[in-house]
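Hello,

Here is the structure for you to look over. My notes follow below it.

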Amino acid sequence: MCGIVAYIGAREAEPILVEGLKRLEYRGYDSAGVAILCGDGLRVVKEVGRISRLETLLVERRCAEGKLGIAHTRWATHGAPTVENAHPHTDMSGKLAVVHNGIIDNHVALRKLLESEGVVFKTQTDTEVLPHLFAKYYKGDLAEAVRLGLKDVRGTYGIAVVHADQPDVLVAARNGSPLIVGVGDGEYLVASDASAIIAHTTRVIYLEDREMASMSREGFQTTNIEAVPTTKEIQQVEWDLEEIEKKGYAHFMLKEICEQPESLSNTLRGRLNFEDGQAVLGGLTACAKELTRARRIILTGCGTAWHACLVGECMLEDLARIPCEVEYASELRYRNPIIEDGTVVIAISQSGETADTLAAVREVRRKGALVLGIVNVVGSSIARETDIGVYLHAGPEIGVASTKAFTSQLMVLVLTTLFLGRRRHMAQHQALELIKGVSEVPNQIRRILERAGEVEEIARRYKDRENWLYLGRGYNFPVALEGALKLKEISYVHAEGLPAAEMKHGPIALITKGMPVVFLANRGLQYEKIMSNIEEVKSRGGVVIAIATEGDEEISQRADHVIRVPDVAEPLQPLLNVVPLQLLAYHVAVLRGCAVDKPRNLAKSVTVE
Ligand code: G6P
């Protein structure tokens with residue numbers, strides 16, 4: 001999704017902006033551009049495709065004295081990915097430039113109005129109304145012009161604005177799109193994502209909706225759109241640069257898959273009480289009573305986080321005995337959901353910025369629900385807008401396809417289940433057993449990762465197949481969905497995840513000779529049923545790849561390939577089973593020559609509807 005980085009200070013802006021853009025590459029983009037204030041005015045350089053192409057152009061048009069600039073990676077929504085449509089966009093004089101994330105809902109009306117006033121538009125974007133609007137209000141004070149302009153705007157925005165006549169002013173504003181201000185020594189950076197600026201500073205302020213900041217080299221001021229000054233606290237970003245680098249791995253995705261023993265240990269750190277069989281979740285204690293009395297839980301999220309919700313539903317119903325429902329955030333927000341007394345909503349999001357999830361949170365809170373956020377990015381919008389929460393502590397996830405955030409989401413759901421379950425129906429011995437199981441998971445994942453070579457072999461054999469099925473039951477049905485999603489996202493192969501029993505109601509018609517079918521076939525309650533489903537596939541010529549329990553010999557007779565995982569309680573199986581499926585998708589994608597960390601058309605954090 002679109003990314004913003006901006007700089008004002010004493011250093012040359014261009015290398016800082018380009019490096020920031022590169023750090024934002026992972027979010028997904030199709031074009032990029034910068035505007036730097038040079039001696040002769042604003043120098044705007046834009047290009048489609050990779051940042052490296054923009055960099056080549058910038059070398060030719062270097063502006064070493066430019067110490068103020070804004071930059072952007074664009075993920076097209078309105079208007080094709082062309083050089084013209086790339087940001088920054090300028091006003092008619094070419095003196096005022098804007099980069100923008102989000103969508104201006106009333107851009108058609110604003111465009112008509114500005115055109116009637118003589119403005120000539122150069123692009124098809126919704127964003128272009130902004131520089132013209134700000135120029136219309138500009139009377140020598142950029143911050144005031146931006147403020148007045150934004151009062152006319154409906155929609156979402158994170159923006160950074162510069163004007164050639166004000167070389168010591170950088171203006172930023174946000175409404176619904178994430179934006180942070182990095183506070184350095186005599187310099188300020190603005191970014192849509194902390195990873196773009198933490199090489200320079202880890203001290204940041206988070207802008208709220210309808211809030212703006214005006215920065216100069218001497219200091220900054222924040223106000224809301226109504227010009228009322230606001231007071232901001234400077235906060236510390238926890239992540240460091242090392243964590244957002246590849247450390248010798250070929251791809252971020254592989255690094256993040258391999259990091260799971262550590263990321264899960266971090267998620268668990270200090271949160272298990274081995275004596276009482278309890279989870280220690282400081283972020284929930286303030287509302288422990290209300291949570292314990294919950295009569296119904298709605299779990300919501302998008303993409304991979306939605307799959308985590310499905311596993312959470314199984315756990316919370318099975319072990320904490322609370323009726324649950326799972327809703328896509330994009331559906332929940334428009335469904336006029338019924339929120340009765342005792343309804344708790346759990347919103348799950350890696351980025352904490354997904355527009356649909358944030359809107360769903362706002363909708364259910366408006367209706368009186370207590371909302372619990374399970375989020376990775378500290379200080380993100382969802383983290384701030386929920387009543388209570390539990391951070392994942394998984395560290396930054398850069399690969400677009402979510403991996404370590406998913407397992408940490410599952411882990412936090414186990415902890416939340418313990419927290420609620422022990423206050424309701426769960427016996428101490430039952431909880432202690434679960435806690436013991438949970439604490440062994442990081443090492444068990446280490447063991448699975450040692451077998452990565454076997455998974456790669458399977459990938460090599462079937463990499464050219466264009467249709468795959470993933471089947472599981474109970475706790476493992478969401479894992480089937482997640483395994484299929486991983487393969488689709490990064491290798492562009494068609495894959496479908498299903499509850500294994502549903503296969504016979506339609507999808508079985510798809511099975512032809514040689515079609516790979518991945519089964520989650522651990523020992524457990526539904527093992528025999530899964531065996532029957534395997535037979536159904538085999539008898540139609542399908543190739544069975546089974547994720548199965550260590551020591552299960554029977555499965556070797558039936559499946560074509562077996563990937564072994566340690567024997568664990570059913571609620572914990574998803575945590576282990578998903579790891580070989582992440583590796584399988586990764587290797588298929590690499591072998592097919594796909595851009596694993598930057599899959600086509602996808603964005604890491606979807607901040608538009
Ligand atoms: C995008 C990403 C997915 C992710 C989903 C939800 O679609 O490509 O990998 O699962 O957003 O993101 P969130 O940050 O809310 O977990």
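Which residues come nearest to the ligand? Of the 14 residues around the ligand, the nearest are S349, Q350, S351, T354 and A603. A residue counts as near a molecule or strand if one of its heavy atoms lies within 4 Å of it.

Before the rest, some ground rules. This is a predicted model, in which local features need pLDDT of at least 70 and side-chain atom pairs count only at pLDDT 80 or more, while totals for chains, interfaces and linings use all residues. Residues are numbered from 1 along each chain as its sequence is written, and side-chain values use heavy atoms, with hydrogens and water left out.

**The ligand site**

Start with the polar atoms. A polar side-chain atom of T354 lies 2.5 Å from an oxygen atom of the ligand. For Q350, a backbone N or O atom lies 2.7 Å from a ligand oxygen. V400 has a polar backbone atom 3.3 Å from an oxygen atom of the ligand. Taken alone, the ligand exposes 390 Å², and the protein buries 89% of that. Accessible areas come from the Shrake-Rupley method with a 1.4 Å probe; for residues, only the protein chains shown count as cover.

The shell around the ligand divides into five nonpolar, seven polar and two charged residues. Here Ala, Val, Leu, Ile, Met, Phe, Trp, Tyr, Cys and Pro count as nonpolar, Asp, Glu, Lys and Arg as charged, and the others, Gly among them, as polar. Helix α10 (residues 303-319) gives the most to this shell, with three residues. Helices (H or I, at least four residues) and strands (E, at least two) are DSSP runs, numbered from the N terminus.

**Just after α10**

I322 sits in the loop between α10 and β18 (324-328). I322 is buried, with a relative accessible area of 1%. Buried means under 20% relative accessible area, exposed over 50%, and partly exposed in between (1.4 Å probe, protein chains only). I322 and L575 are 253 residues apart along the chain, and their C-alpha atoms are separated by 22 Å.

Helix α20 (residues 573-591) has 19 residues. From its first C-alpha to its last, α20 reaches 28 Å, close to the 27 Å expected at 1.5 Å a residue. The expected span is 1.5 Å times one less than the number of residues. α20 is mostly covered, with 17 of its 19 residues buried. G593 follows α20 and has a positive phi, near 75°.

Helix α1 has twelve residues and reaches 17 Å between its end C-alpha atoms, close to the 16 Å expected. Nine of the twelve residues of α1 are buried. Among them are I16, L17, L21 and L24.

**Salt bridges**

How many salt bridges does a search of the whole structure find? It finds 41. A salt bridge is a side-chain nitrogen of Lys or Arg within 4 Å of a carboxyl oxygen of Asp or Glu. A few are worth a look.

- E55 pairs with K22, the closest N and O atoms being 3.1 Å apart. E55 lies in helix α2 (residues 51-60) and K22 in helix α1 (residues 13-24), so the pair ties together parts that are 33 residues apart in sequence. E55 is partly exposed at 28% relative accessibility, and K22 is partly exposed at 38%.
- E327 meets R335 at 2.5 Å, N to O. E327 is buried, at 11%, whereas R335 is partly exposed, at 42%.
- E550 meets R447 at 2.6 Å, N to O. E550 lies in the loop between β25 (543-549) and α19 (554-558) and R447 in helix α15 (residues 428-450), so this bridge ties together parts that are 103 residues apart in sequence. E550 is partly exposed at 27%, and so is R447 at 35%.
- R523, E535, D552, E554 and R558 are linked in a network of salt bridges.

**A loop to check**

K504 lies in the loop between β23 (494-499) and β24 (516-520). K504 is partly exposed, at 46% relative accessibility. A polar atom of its side chain lies 2.9 Å from the backbone oxygen of A501.

Best wishes

Key. A polar contact is a pair of N or O atoms within 3.5 Å; within protein, one must be able to donate a hydrogen and the other to accept it, and residues adjacent in sequence count only if both atoms are side-chain atoms.
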